[in-house]
Amino acid sequence: MRLRRALPVLALTLAAALAGCATVPTTTTQSPDSAAIIPELAPDQQVSIRWESYNLASAGIFGDTTRNLVAEFEKQHPNIHVDAVPPQGGSNEIAQSVQRQVVAGSPPDVGQLTFADLRYAASDLGAQPLDKLVGRDEVQKLLTGGPHPYAPRAAVLGDVDGTTYGIPYVFSTPMLFLNADLFRKAGLDPENPPKTWDEVATAAAAIAKVPGTTGGAYLSCLDAASGGDWCLTGIARSAGGRLLSEDGKSLTWTDPNTVAAFDGMQKITQAGPNAQPNISGSDAQDAFLRGNLGMLLTSAALQNAILKSSDGKWQAAAAPMPGFGTAPSVPTNSGSALFILTTDPAKQRAAWELIKFLTSAQSETTITSNIGYVPLRASLIDDPAYLKNFADTHPDFVRPNVAQLDRLEPWVSYPGPNYQQIRTTLAKATDEIVFRGADPATTLSAAQASAQSLMPKS
């Protein structure tokens, strides 16, 4: 078992900043621009576009599913060729990869960027405002039209101040995956999984005593090296706290409720030896897939890998993200949206056709059933033509994930060009608190004082 990796300092250095943005995207009240600006492609007009997707940086079902979707798109659109490539530098350097190409003058035509990159993509990376590019009516038709519209809280996740810059593509809510066999060996009932973080701490301490286990529980939110801070937002919100003020101008890490959330995470680690082991997120995931870890809070996108790894070896189960006390938990989304980065009108139209295909009901069915991401068109799980059979076959995995969309809140996207440094500062503080026993209030106060200087001044 190796110790957690040192947290990398990720810095984006382009000069412009997007100041004063609200935390939660809002819808516009202005008159919609219903006329498409970019022209339709002629039937015989050949166009090539480059799509940079971080799913292609992963081996197995993530990459294979993505390549198969591209092949199907090209079959349906023989005049459009898609060069699908992973980020330069790997899956942990998504925005940095696009930034380097923007500086070089050759960004990808379509980018799959995380929601943490949303504001920076709109302000500095050249993401095109889709409402103006294809018309507000066309965007809303994609998101809210037809028999299977996006879940309302998912539909606005690619918006900045009422303008849609990205179309939500693949993400999931945080799920607490369980090893039912280890629960029973520890004298626990897997049919009654923990509903609060205090219950997680108690169960983790008991499971850690089972011989041969790596540990009782692990929260992937705590490992910034793998971009895991997406659900840290939800843990803070579940305690009534925030990581960013509602007006988007101030960090709120010292809010008493936010501090209480970090204290709760520390208590899991301190519940007993290896209740929450001090290992990397990737090592925790590997241990869970091998059947050696009792609980893993992570993206539901891992569900198919878990089902495959556990088949015939150990019994896997799943539950919604726990909360604090009697208050319901507030899940946040992982994942990404699709952004058009090219300024060439023909490539923009081809890119929009690709985005429509990748976010269609059929593509979502393929993505959910092959990989495990939550279907953003939530009603697909009740349609026999799409995901009903899959959802009925795995009821403990699919339906609780979809149900969390009803109370979903966005992954925090810090404003300005220093947003990655802000995330890294909080990640270091999180590591000190949860795994090294540092005082939550004092540590978060020092981290906030340092990171606030990285926020836009206006």
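1. Which strands and helices are included in what covers the buried residues of H8? In this predicted model, for which local features need pLDDT of at least 70, side-chain atom pairs count only at pLDDT 80 or more, and totals for chains, interfaces and linings use all residues, the cover includes strand E7 (174-179), helix H7 (180-185), strand E8 (215-219), helix H9 (232-238), helix H10 (256-269) and strand E9 (293-299). Residues are numbered from 1 along each chain as its sequence is written, and side-chain values use heavy atoms, with hydrogens and water left out. The helices (H or I, at least four residues) and strands (E, at least two) are DSSP runs, numbered from the N terminus.

2. Helix H8 itself spans residues 197-207, and its buried residues are Trp197, Val200, Ala201, Ala203, Ala204, Ala205 and Ile207. Here buried means under 20% relative accessible area, exposed means over 50%, and partly exposed lies in between (1.4 Å probe, protein chains only).

3. The largest nonpolar core has 139 residues, and Trp253, Met295 and Tyr414 are the members that touch the most others. Such a core is a set of buried Ala, Val, Leu, Ile, Met, Phe, Trp, Tyr and Cys residues joined through side-chain atoms within 4.5 Å. In soluble globular proteins, nonpolar side chains tend to be buried together. If neighbours within four places in sequence are left aside, Tyr414 is in contact (heavy atoms within 4.5 Å) with Arg119, Leu243, Leu244, Leu251, Trp253, Tyr419, Ile422, Arg423 and Leu426.

4. Helix H17 covers residues 419-436, and its 18 residues reach 25 Å from the first C-alpha to the last, which is close to the 26 Å expected at 1.5 Å a residue. That expected span is 1.5 Å times one less than the number of residues in the helix. Because 14 of its 18 residues are buried, H17 is largely enclosed by the rest of the structure. Just after H17, Gly437 takes a positive phi of about 75°.

5. Two salt bridges involve Arg436, where a salt bridge is a side-chain nitrogen of Lys or Arg within 4 Å of a carboxyl oxygen of Asp or Glu. One of them joins the side chains of Asp431 and Arg436 (2.8 Å, N to O), and the other joins those of Arg436 and Glu432 (3.7 Å, N to O). Arg436 and Glu432 both lie in helix H17, four residues apart, or about one turn of the helix. As for accessibility, Asp431 is buried, with a relative accessible area of 7%, while Arg436 is partly exposed at 47% and Glu432 is partly exposed at 35%.

6. Side chains of opposite charge can pair when their charged atoms come close. Another of these pairs is Asp382 with Arg399 (3.2 Å, N to O). Asp382 lies in the loop between helix H14 (361-370) and helix H15 (388-393), and Arg399 in helix H16 (residues 395-403), so the pair ties together parts that are 17 residues apart in sequence. Asp382 is partly exposed at 49% relative accessibility, and Arg399 is partly exposed with a relative accessible area of 27%. Both belong to a network of salt bridges that links Asp382, Lys388, Asp392 and Arg399.

7. How many disulfides does a search of the whole structure find? The search finds one disulfide, a term that stands for a pair of cysteine sulfur atoms within 2.5 Å, and this one joins Cys221 to Cys231 (S to S 1.8 Å). Cys221 and Cys231 each lie in the loop between E8 and H9, so the pair ties together parts that are 10 residues apart in sequence. The torsion about the S-S bond is about -110°, so the disulfide is left-handed. Both cysteines, Cys221 and Cys231, are buried.

8. Asp161 has a positive phi of about 50° although it is not a glycine; Asp161 lies in the loop between strand E4 (159-160) and strand E5 (163-164) and is partly exposed, with a relative accessible area of 46%. Asn274 has a positive phi of about 60° although it is not a glycine; Asn274 is placed in the loop between H10 and helix H11 (281-290) and is partly exposed, with a relative accessible area of 40%.
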